[in-house]
Amino acid sequence: MTKNETKQVVIVGGGTAGWLTAASLAKRFNSVEKKNIQITLVESPDIPTIGVGEGTWPTMRKTLASLGISETDFMRQCHVSLKQATKFVNWKETPKPGIDNHYYHLFTSFHDANDFNMAPYWQRGEIGQTATFAQSVSVQGALCDKYLAPKSMTNKEYEGVQNYAYHLDAGEFAKLLKDHAINNLGVKHVSANVTEVKLDVDGYILAVETDTASHISGDLFVDCTGFRCLLLGEALKVPFNSVDDTLLTDYAVVMQVPYKDETQDIASCTISTAQEAGWIWDIGLANRRGTGYVYSSKHSSHERAEQILREYVGEQSAGLKARFIPMNIGYREKFWHKNCVAIGLSAAFIEPLEASAIFLMEAANNMLMELFPRDRAAMAMVETKYNDSLMFRWNKTIDFIKMHYLLSRRSEPFWLDNRTQTTLPVSLTNLLARWEYHPVSGYDFDNVYEPFPLESYQYILYGMGFEQDLSFNAGQYGNITHAQQSFKKIQSIADQVQHKLPTNRQLLEKIQQFGFQKL
Amino acid sequence: MTIEALSNKLHADLKLKQDPCLIQSKNKHFAPLVVGEFVPASQDFPIVFIKEQETGQFKSIALLGIEPGSNLFYSDKGWQGNYRPQAYSLSPFMVSQQTDEKDAILCIDSQSPLINKEQGEAFFDENNAACDWVSKRGEQVVSYVEQTQLTQHFINVLLDFELLAPQTLTLKATGKKETSLNGLYAIDEKKLNALSSDKFDSLRQSGALVAIYASLISMQRIEALVKASSKV
């Protein structure tokens with residue numbers, strides 16, 4: 001046995017990040033058996049979780065299935081509704097009075113664009129002359145328009161007719177993961193406040209001291225302490241890099257809105273509506289809506305922000321409390337340092353525009369599990385790999401989010417400032433310069449771990465009305481018949497599938513009563 | 001369908017025709033089955049499981065044909081099988097059970113083509129009392145409803161023990177195009193054999209084993225269905 005073999009993992013902080021990490025590690029390492037790697041989670045009984053992240057990516061289905069959680073239990077407990085897209089309202093341009101503009105970023109495209117890319121045919125007017133890009137390549141927008149679910153009761157757990165993700169109650173989600181981690185996966189839970197972080201001479205964390213549970217030592221520490229970043233930031237002094245020069249929002253005002261009655265439709269997409277100094281998310285859970293206005297306090301007063309959110313919610317906002325959350329947009333210079341890894345808000349935070357928070361936690365977990373170092377000697381190499389890979393993903397995510405702002409033609413100061421040259425990452429402007437004359441290509445995304453697929457970029461670019469001239473080398477777009485057949489097929493599937501799928505609300509009600517089958 | 005509680009006021013002059021062809025089964029390619037029917041039904045039909053469209057819940061069925069809308073056992077000359085599935089043979093009787101009442105009420109579908117004023121047996125005798133045969137049919141319907149609950153319990157056990165597996169039947173009748181039937185589930189013999197002795201014994205004790213084997217053996221009837229379908 002080598003000295004310092006990694007046997008004991010200590011996670012500091014509960015919340016979604018802490019419990020998701022604890023459950024994932026314990027499941028993968030089979031921590032129920034004492035001879036295997038053991039996981040301890042220390043959680044403060046006094047610090048509330050932020051609990052706003054309510055949208056996931058479709059990756060969450062695989063994550064939950066691999067944890068051995070039943071989709072039915074998850075959906076019932078966390079007030080889950082199904083999400084199959086994000087609908088961007090008024091992002092393209094400032095709306096003319098009474099006339100909104102919108103486009104969809106969908107999860108399912110008929111063809112994998114790497115196999116057959118329909119975009120050039122649509123862009124050149126060979127198909128869908130009167131249809132949007134999204135309507136031309138996917139049936140999912142039609143489903144969202146009608147509040148339909150992406151699956152029916154005859155689909156088994158985690159299986160959909162269309163690709164889908166979740167809207168969830170983050171507080172309940174953390175509870176579900178916590179119960180599962182403690183009761184089924186062998187995670188040890190300590191309820192205490194960390195009072196001190198003890199380092200050894202090499203600057204590795206030896207243990208954390210707590211107020212009520214004394215001393216907890218470990219070989220690897222995971223910092224899930226949120227914005228506070230107690231281990232990686234405070235104890236190990238890894239600095240925070242702000243990206244407020246690129247992403248200009250720094251505040252959110254949030255409000256939970258009950259449904260008018262039990263017949264109000266539940267959207268099967270996240271609705272993101274651009275406003276004068278930011279944008280509002282609108283997430284329909286099974287039991288309520290979660291809304292929030294993400295804005296720049298340099299461009300809007302807090303009073304004005306609350307007023308805009310209340311106007312958006314309408315008369316239902318009367319009597320509802322609004323909560324303000326300051327947002328520190330940016331990331332730690334390193335996510336992994338010595339024997340400490342930060343996951344969740346402690347690692348990085350960017351505005352929740354593309355539901356990247358939980359998704360990047362899953363990515364971090366997967367990487368940590370896969371590369372888990374045997375001992376200290378193996379740690380330095382993993383540290384570099386991990387940091388490089390996640391830094392790449394965060395940067396790509398920032399670029400992708402920035403792209404939404406850059407392509408907008410809105411005219412308020414916030415939006416104009418968002419398009420000034422000094423705020424634009426070169427990596428993004430380079431790609432856009434290429435896409436002015438070339439279709440988006442698989443080779444533009446040559447990393448296996450690209451956070452967003454090629455199709456996502458297409459939905460945003462064409463949805464925003466990005467101007468593209470594909471006349472160069474147009475001879476390569478000769479498969480017009482195939483494009484037209486595909487287009488027709490998509491329209492006919494859209495017609496058929498609409499009659500087969502329940503509404504999101506009907507499906508959620510049936511899940512309460514019956515649940516999905518496991519096969 | 002018009003469901004009415006059977007009463008000597010409304011239905012005194014009505015008669016029920018014989019039903020040699022199981023009229024209700026016309027154009028139905030399957031018949032819902034209760035677990036007590038598995039053994040007799042297994043001689044004629046493959047017994048499989050499907051999901052209820054609206055709820056996703058499993059139910060057991062007898063396959064009567066291999067294409068939607070085609071019932072190979074239906075004929076104007078009379079039912080072509082030995083066993084007559086109760087889901088159709090009990091028609092037009094059904095029961096209505098109010099939650100606050102102990103007794104079930106016997107009802108009929110007064111729109112049924114079997115009900116008329118001329119042919120068949122009268123529901124009520126000259127004293128305006130329900131005939132004996134009606135009471136018997138009533139008991140059968142009640143027992144069927146009880147069996148439905150038993151069947152649900154049986155299916156839950158199959159699910160708990162993970163004994164069901166999806167099954168796509170790809171069928172090729174002579175002179176016809178290959179068709180596949182999706183959405184069918186069947187008992188997985190390998191999984192049954194791999195059960196622990198405790199679990200297997202609990203199936204024996206609850207009386208589920210005979211139904212399980214009936215279903216397994218009934219799968220041999222698929223070939224007969226395919227043959228019959230090539231003659232249509």
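**Notes on the predicted model**

1. In this predicted model, Val197(A) has Val208(A), a residue of β9(A), as its bridge partner. The pairing to which these strands belong is antiparallel and comprises five bridges between strand β8 (residues 194–199) of chain A and strand β9 (residues 205–210) of chain A. The two strands make a hairpin with five residues between them, and Gly203(A), located in the turn, has a positive phi of about 85°.

2. β9(A) is also joined by three bridges to strand β10 (residues 215–217) of chain A, and this pair likewise runs antiparallel. Opposite Glu209(A) stands His215(A) of β10(A). Here the hairpin has four residues between its strands, and Ser214(A) in the turn has a positive phi of about 55°.

3. Turning to the helices, helix α2 (residues 59–67) of chain A packs with helix α10 (residues 356–371) of chain A at an angle of about 50°, the axes lying 10 Å apart. α2(A) is therefore oblique to α10(A), and the crossing of α2(A) and α10(A) is left-handed.

4. Where these helices meet, α2(A) contributes Thr59(A), Met60(A) and Thr63(A), while α10(A) contributes Ile358(A), Phe359(A) and Glu362(A). By class, the residues of this contact of α2(A) with α10(A) comprise three nonpolar, two polar and one charged.

5. How many residues does each chain bring to the contact between chain A and chain B? Chain A supplies seven residues and chain B nine residues; on the side of chain A that touches chain B, four are nonpolar, two polar and one charged.

Note on methods
Residues numbered from 1 in each chain as written. Chains lettered and ligands numbered in written order. Predicted model: local features only at pLDDT ≥ 70, side-chain atom pairs only at ≥ 80, totals over all residues. Contact = placed C-beta atoms within 7 Å. Nonpolar A, V, L, I, M, F, W, Y, C, P; charged D, E, K, R; others polar. Pairing = 2+ DSSP bridges. Axes fitted to C-alpha atoms, helices over the stretch in contact; angles between N-to-C directions. Parallel < 35°, antiparallel > 145°, perpendicular 65-115°, else oblique. Left-handed = near helix turned anticlockwise from the far one by under 90°.
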